[in-house]
Amino acid sequence: MRRERTRPFLLMTFAVIACSFAVAGSCLAHGRSAGGSHAGLDIPEISHGEMAVISDYRNGIIDLASRATDTNEPFRRVLNYAEIQYSYCLWGRMPGSVTDEESPFNECAHAYLAATKAVLMSMREMPREASAAGEIISAIDADMVGRGLAPITCRFSGEAFNTADIVKPHWSKVPLHPVSMASLTGLASAFGLMAFAFGRFLRPRAQSSE
């Protein structure tokens, strides 16, 4: 009897795992969104060395930008792009997305960090935010020099971006990148276990209401 009750929840677990990969697979195999126009705002490229440091300061930069009062539409659009692009890149949670050039998430990491840098540079011209932005820029420069990262580039280092063009992860390359594959498999398994536990939690309630 217990085996019969458990079977539906095991099936649910495998279904969640399968759906997770199905969603990923249904996304575009290419990094760019389909039909992406360049009618938006251009965002200058960012070097691989800059990425490694700016990613450490991202939260502070976005927090300062979110509180900025003397803003204009271009600034808000780039800030919005930086946050949207960050979510597309799974909130920077994939191991190696910033540092590993071969990561399927590296190009999209370039995009959100390039936008983050553009937001920071724009705040140098804002009367109320200029001082705080300048302090962050000085800290980033010192950090890059101290870590010897300034001259480091990669294949995406010369790539500029545009707010009208969302850069998605290269999902088709995930199976070829062991670290990303292991992370996504672990995430899918965690969701499956959560679904299984949730189902077991609801079952006694359903039985008691009968």
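Trainee: How many disulfides does the structure hold?
Mentor: The model is a predicted one, and a disulfide is taken here as a pair of cysteine sulfur atoms within 2.5 Å. Cys 89 and Cys 108 are joined in this way, with an S to S distance of 2.3 Å. The number of disulfides that the structure holds is one.

Trainee: What is the handedness of the link of Cys 89 and Cys 108?
Mentor: The disulfide joins Cys 89 to Cys 108, and the angle about its S-S bond is 65 degrees. With that angle, the link of the two cysteines is right-handed.

Trainee: How many residues apart in sequence are the parts that the pair ties together?
Mentor: The disulfide runs from Cys 89 to Cys 108. Cys 89 lies in the loop between helix H3 (73–88) and H4, whereas Cys 108 lies in helix H4 itself, so the parts that the pair ties together are separated in sequence by 19 residues.

Trainee: Is Cys 108 buried or exposed?
Mentor: A residue counts as buried when its relative accessible area is under 20%. Cys 89, its partner in the disulfide, has a relative accessible area of 0% and is buried. Cys 108 has a relative accessibility of 0% as well, and therefore counts as buried.

Trainee: Which term describes the orientation of H2 to H4?
Mentor: Helix H2 (residues 48–66) packs with helix H4 (residues 106–123) at an angle of about 55 degrees, their axes being 8 Å apart. Because of that angle, H2 is, relative to H4, oblique.

Trainee: How many charged residues does the contact of H2 with H4 have?
Mentor: H2 passes H4 in a left-handed crossing, and the residues that meet there include Glu 50, Met 51 and Arg 58 in H2 and His 110, Lys 117 and Leu 120 in H4. By class, the contact of H2 with H4 has 12 nonpolar and five polar residues, and its charged residues number three.

Trainee: How many nonpolar residues does the contact of H4 with H5 have?
Mentor: H4 passes H5 in a left-handed crossing. The contact is made by Leu 120, Met 121 and Met 123 of H4, together with Ala 130, Ala 133, Ile 136, Ile 137 and Ile 140 of H5. By class, the contact of H4 with H5 has no polar and no charged residues, and its nonpolar residues number eight.

How values were computed. Residues numbered from 1 in each chain as written. Predicted model: local features only at pLDDT ≥ 70, side-chain atom pairs only at ≥ 80, totals over all residues. Heavy atoms only, no water. Axes fitted to C-alpha atoms, helices over the stretch in contact; angles between N-to-C directions. Helix = DSSP H or I, 4+ residues; strand = E, 2+ residues; numbered from the N terminus. Parallel < 35°, antiparallel > 145°, perpendicular 65-115°, else oblique. Left-handed = near helix turned anticlockwise from the far one by under 90°. Contact = heavy atoms within 4.5 Å. Nonpolar A, V, L, I, M, F, W, Y, C, P; charged D, E, K, R; others polar. Buried < 20%, exposed > 50% of the residue type's maximum accessible area, 1.4 Å probe, protein only.
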